[in-house]
Amino acid sequence: MMELGTEATLLGLFISGLVSATLLPGGSEALFSYMLYQDQFAEFPLFIAVTSGNALGGMITFLMGWWLATRYPLKTLDKPQHLRAQRWLEQWGPVALLLSWLPLVGDPLCFIAGWLRGRLWLSMLMILLGKAARYLVLIAVVG
């Protein structure tokens, strides 16, 4: 059984990952890297906590786009990151969501994929894989 401090730490890391993957600002990579560097926790629980939070945040952003498309049909995209995300999605389909971890583009990519009604389960899988890859790289670099 985990200690209360460990559970609270993993919950905090999960929340950091979740917020970082929405349209709100966040920095789960810095917290995750710091926790890896401190070497007080095993890598795997940290990885699972931050990846699941970050993937859930990306999926929420995808579903927000999906829902808003039913309320406000897409007429034009005017922000450069939205236009870039749309081009990537039109060219690569849900596979483009493997890039959902990218700064400045990743969150709009998830949102636009939902707005364009990307295939739900494949999109969710690509978001999960893309988000997980980011934290695996950090483990390789920091851990």
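At what angle do helix 2 and helix 6 pack, and how far apart are their axes? The angle is about 35°, and the axes lie 10 Å apart. Axes here are lines fitted to C-alpha atoms, for helices over the stretch in contact, and angles run from 0 to 180 degrees between N-to-C directions. Helices are DSSP runs (H or I, at least four residues), numbered from the N terminus. The crossing of helix 2 past helix 6 is right-handed, that is, the near helix is turned clockwise from the far one by less than a right angle. Helix 2 brings Ser28, Glu29, Phe32, Ser33, Leu36 and Tyr37 to the contact, and helix 6 brings Arg134, Tyr135, Leu138, Ile139 and Val142. Contact means heavy atoms within 4.5 Å. Seven of these residues are nonpolar, two polar and two charged.

The model is predicted: local features need pLDDT of at least 70, side-chain atom pairs count only at pLDDT 80 or more, and totals for chains, interfaces and linings use all residues. Residues are numbered from 1 along each chain as its sequence is written, and side-chain values use heavy atoms, with hydrogens and water left out.

Now follow helix 6 itself. Helix 6 covers residues 120–142, 23 residues in total. From first C-alpha to last it reaches 33 Å, close to the 33 Å expected at 1.5 Å a residue. Its buried residues (under 20% relative accessible area, 1.4 Å probe, protein chains only) include Met124, Ile127, Lys131, Arg134 and Leu138. The buried residues pack against helix 2 (28–38), helix 3 (43–71) and helix 5 (106–115).

Beyond its neighbours within four places in sequence, Ile127 touches Ala55, Gly58, Met59, Phe62, Leu97, Ser100 and Cys110. In the largest nonpolar core, of 15 residues, Ile127 is among those that touch the most other members, as are Phe62, Leu89, Leu97, Leu109, Ile112 and Ala113. A nonpolar core is a set of buried Ala, Val, Leu, Ile, Met, Phe, Trp, Tyr and Cys residues joined through side-chain atoms within 4.5 Å. Helix 3, helix 4 (80–92), helix 5 and helix 6 each supply at least two residues of this core. Helix 5 gives the most, with six. Apart from this core lies another, of 13 residues, among them Met35, Leu36, Phe47 and Ala49.

Two further residues remain. Ser16 sits in helix 1 (residues 4–20). Ser16 is buried, at 17% relative accessible area. Leaving aside neighbours within four places in sequence, Ser16 is in contact with Gly27, Ser28 and Leu31. Tyr72 lies in the loop between helix 3 and helix 4. Tyr72 is exposed (over 50%), with a relative accessible area of 54%.

Note on methods:
The expected span of a helix is 1.5 Å times one less than its number of residues. Ala, Val, Leu, Ile, Met, Phe, Trp, Tyr, Cys and Pro count as nonpolar, Asp, Glu, Lys and Arg as charged, and the others, Gly among them, as polar.
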